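Q: I have a model open and would like to learn how to read its features one at a time. Where do we start?

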Amino acid sequence: DAETRAIFETNFFGPAALLRALLPHFRERKSGHIVQMAAAAAIANYAGFGAYGAAKGALSSLTESHAQELKPLGIRVTLVEPGPFRTDFVGRSMTRAATTLPDYANTSARFGQYLAKIDGKQPGNPILAAEAIVKLVHSGEAPLRFVLGRYAIDKTRKTFASRERELAQHEAAGAACDGP
């Protein structure tokens, strides 16, 4: 529980607290643009990334709500959904579980090995990402979601297609639950 709470403190409660601190100033000015950082794990999560993806998913959901609440006040909101970028995220910034279980050797552990392997070799350039975010915000045309990097763009498309297939397959059974 302590490990999961720490991940939520950093990736959900921290950004939420920062937003609460900024909002009085933005409301007073009737303008501003909030940029929240989600992750590809919020688009669709991975084995071994449950708490991190859950925290980023919660931030994503909170940001969706804030976008609707703040738009009439002249405040814009963008949720950045990056794929893997060459930051120290996989290195010293990543929290790893203190205990590992052999039962998860082919799921969680394998994903951890993959992350270690790509550390420093991620395709995303953080400088180009920062420039793209700033340019988008200054354009006045920033979307609610800004997917960064080919990996995250491909993941988003595959996730949407998979969800659409799953919805179509089970739509009749789900719709049949509406009734008198």
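**Reading contacts, charges and cores**

A: We start with the contacts of one residue, in what is a predicted model. Setting aside neighbours within four places in sequence, Leu79 is in contact with Gln36, Ala38, Ser60, Thr63, Leu144, Arg145 and Phe146.

Q: Where does Leu79 lie, and is Leu79 buried or exposed?

A: Leu79 is part of strand 2. Its relative accessibility is 1%, so Leu79 counts as buried, the limit being under 20%. Sequence distance and spatial distance should be read separately: Leu79 and Met37 are 42 residues apart in sequence, yet 5.9 Å apart in space, C-alpha to C-alpha.

Q: Arg145 was among those contacts. How do I read a charged side chain, and with which residues does Arg145 form a salt bridge?

A: The general idea is that side chains of opposite charge can pair when their charged atoms come close. Here, Glu64 forms a salt bridge with Arg145, with the closest N and O atoms 2.2 Å apart. This pair links distant parts of the chain, Glu64 being in helix 3 (residues 50-70) and Arg145 in strand 3 (residues 145-148), 81 residues apart. Arg145 also forms a salt bridge with Glu81, where the closest N and O atoms are 3.3 Å apart. That pair too links distant parts of the chain: Arg145 is in strand 3 and Glu81 in strand 2 (residues 75-82), 64 residues apart.

Q: How exposed are Glu64, Arg145 and Glu81?

A: Glu64 is partly exposed at 31% relative accessibility, and Arg145 is partly exposed at 33%. Glu81, at 4%, counts as buried.

Q: How many salt bridges does the structure hold, and where do Lys158 and Asp154 lie?

A: The structure holds three salt bridges. One of them pairs Lys158 with Asp154, the closest N and O atoms being 3.1 Å apart. Both residues lie in helix 6 (residues 150-175), four residues apart, which is about one turn of the helix. Lys158 is exposed at 54% relative accessibility, while Asp154 is partly exposed at 38%.

Q: Now the nonpolar side chains. Which residues make up the largest nonpolar core?

A: In soluble globular proteins, nonpolar side chains tend to be buried together. In this model the largest nonpolar core has eleven residues: Ile7, Phe12, Ala39, Ala40, Ala41, Tyr46, Phe49, Ala51, Tyr52, Ala55 and Leu59. Helix 1 (2-29), helix 2 (40-43) and helix 3 each supply at least two residues of this core. Its largest share, four residues, comes from helix 3. A second, separate core has eight residues, including Leu19, Leu23, Phe26 and Leu70.

Q: What does Phe12 contact, and which residues of helix 1 are buried?

A: Leaving aside neighbours within four places in sequence, Phe12 is in contact with Ile7, Ala55, Ala58, Leu59 and Leu62. The buried residues of helix 1 are Ile7, Asn11, Phe12, Pro15, Ala16, Leu19, Leu23 and Phe26. Their cover includes strand 1 (32-37), helix 3 and strand 2.

Q: Where does helix 1 bend, and what comes just after helix 1?

A: Helix 1 bends by about 45° at Glu9. End to end, its 28 residues reach 39 Å from first C-alpha to last, close to the 40 Å expected at 1.5 Å a residue. Just after helix 1, Lys30 takes a positive phi of about 60°.

Key:
Residues are numbered from 1 along each chain as its sequence is written. This is a predicted model: local features need pLDDT of at least 70, side-chain atom pairs count only at pLDDT 80 or more; totals for chains, interfaces and linings use all residues. Side-chain values use heavy atoms; hydrogens and water are left out. A salt bridge is a side-chain nitrogen of Lys or Arg within 4 Å of a carboxyl oxygen of Asp or Glu. Buried means under 20% relative accessible area, exposed over 50%, partly exposed in between (1.4 Å probe, protein chains only). Contact means heavy atoms within 4.5 Å. A nonpolar core is a set of buried Ala, Val, Leu, Ile, Met, Phe, Trp, Tyr and Cys residues joined through side-chain atoms within 4.5 Å. The expected span of a helix is 1.5 Å times one less than its number of residues. The bend at a residue is the angle between axes fitted to the seven residues ending there and the seven starting there.
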